[in-house]
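Subject: Structure handover

Hello,

Here is the structure we talked about. Please open it next to this note. My findings follow below.

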Amino acid sequence: MNGKLETQIPPQMWSEKINQANKAALLTWVKETGIQLVQINGQRKYGGPPPGWAGYAPPPGSEVFIGKIPQDIYEDKLIPLFQNVGRLYEFRLMMTFSGLNRGFAYAKYMNRRNAQEAIALLNNFEIQSGSPILVCRSTEKCELCIDGLAPSVKKSHLLPMLQELTPGLQSISLHASPFREKRQLAEVKYISHQAAAIAKKNLVEGSLCLCGDQIEVVWLTPIIKQELHNVSVPGNRKDLPFRSSNRSVFPQVSSRPIDCRMLPARASVMDYLKLQCELHQLGPPVIFTKCVQRNPEDWLQFSYQVMIPNYPSPFSGFLWIKPDPSGLEDHEKVKNFVALQLLKILGYPVM
């Protein structure tokens, strides 16, 4: 409990010109409490396990996702708030290189009951005036899929190789790939989300070559599970709306343009993104925006965060806009720009 924040975070991670007062308050809180925060791969973490912990890690369902966090707020405000509900096993705040937070965090409790209480008590809580936060159940993914394996690869070949490369492996099953002709897809389950995340990082950061094959590694989503079921049914494969042959394993839209009559009159790019996500069973996208600053030339900087229910991870970032003389609401302008970028990232045709 005696670790100091200054020794855990490299000095270059902090921009001295941004949010000085709140950073100073955080450092004071760290010194007063003796709490230890460690910066790892774009996130700052407390616990996992906390000091004095003995026993097993908390069960699935014990973690909550926290969104819409003002970017100038840190653990000195967040951790005590969530500790009021129950003892924390772990708290992770996603960070930018400038020393602002990325607008979201994860709090893991000792049990499911405390997680449910945190959602009930803190969802829409105003952490500062006019800034209600989002608190909801965190989906702790434990399964990956490895696509692009040759038909000759057997489970007996793959299992010992993955056990050596990725600790925490629980089970493997092989399927015909719905996304690549004459290739296999491995469904791989790990003992925890942390083990799966480390495995994904190790495999993706490697040579992307396993058993002599170029592979792709992604989270196993409900959409991929459904397509694995579809491909096992005779006659279904020809109807799959996915690109094949060395394209991304994530579901992509077919080259057939969408029928624009499905869109309402005067539809925005945001409307189009919502429709595409609906057609591909991703769930409705939610975009949070916040004006961060205005420069002397009247350009506005916005932060944004996007959550798509059945997509493996949220999107977040910053952008500058010039206020629209036509009167278009600035937040709507930002949302439409972000929606346009997401359409490109997801591989959907742009209007």
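**The sheet**

Four strands make an open sheet, ordered β10-β11-β9-β14, with antiparallel pairing. β10 (169-176) and β14 (216-219) are at the edges with a single partner strand each, so one side of each has no neighbour in the sheet. From one strand to the next, the twist averages 20 degrees. Strands here are DSSP runs of E, at least two residues; helices are runs of H or I, at least four residues; both are numbered from the N terminus. Two strands count as paired if DSSP finds at least two bridges between them.

β10 pairs with β11 (residues 184-190) over seven bridges, in the antiparallel sense. Ile 172 has Val 188 in β11 as its bridge partner. Helix α5 (residues 155-165) packs on the sheet and touches β9 (143-149), β10 and β11. The direction of α5 makes about 140 degrees with that of β10. Contact means heavy atoms within 4.5 Å. Axes are lines fitted to C-alpha atoms, for helices over the stretch in contact; angles run from 0 to 180 degrees between N-to-C directions.

Local features need pLDDT of at least 70, side-chain atom pairs count only at pLDDT 80 or more, totals for chains, interfaces and linings use all residues, and side-chain values use heavy atoms, without hydrogens and water.

pLDDT is the predictor's confidence in each residue, from 0 to 100. The chain has a mean of 77, and 78% of its residues reach 70 or more. Residues 1-15 are below 50. Where pLDDT is low, the predicted coordinates should not be read in detail.

**Aromatic pairs**

The whole structure holds five aromatic pairs. Rings of Phe, Tyr and Trp (its six-membered ring) pair if their centres lie within 6.5 Å; planes under 30 degrees apart are stacked, over 60 edge-to-face, the rest tilted.

Trp 53 and Tyr 89 have ring centres 5.2 Å apart and planes at 80 degrees, so this pair is edge-to-face. Trp 53 is partly exposed at 24% relative accessibility. Tyr 89 is buried at 9%. Buried means under 20% relative accessible area, exposed over 50%, partly exposed in between (1.4 Å probe, protein chains only).

Phe 82 and Phe 91 form a tilted pair, 6.3 Å centre to centre with 50 degrees between the planes.

Best wishes

Methods. Residues are numbered from 1 along each chain as its sequence is written.
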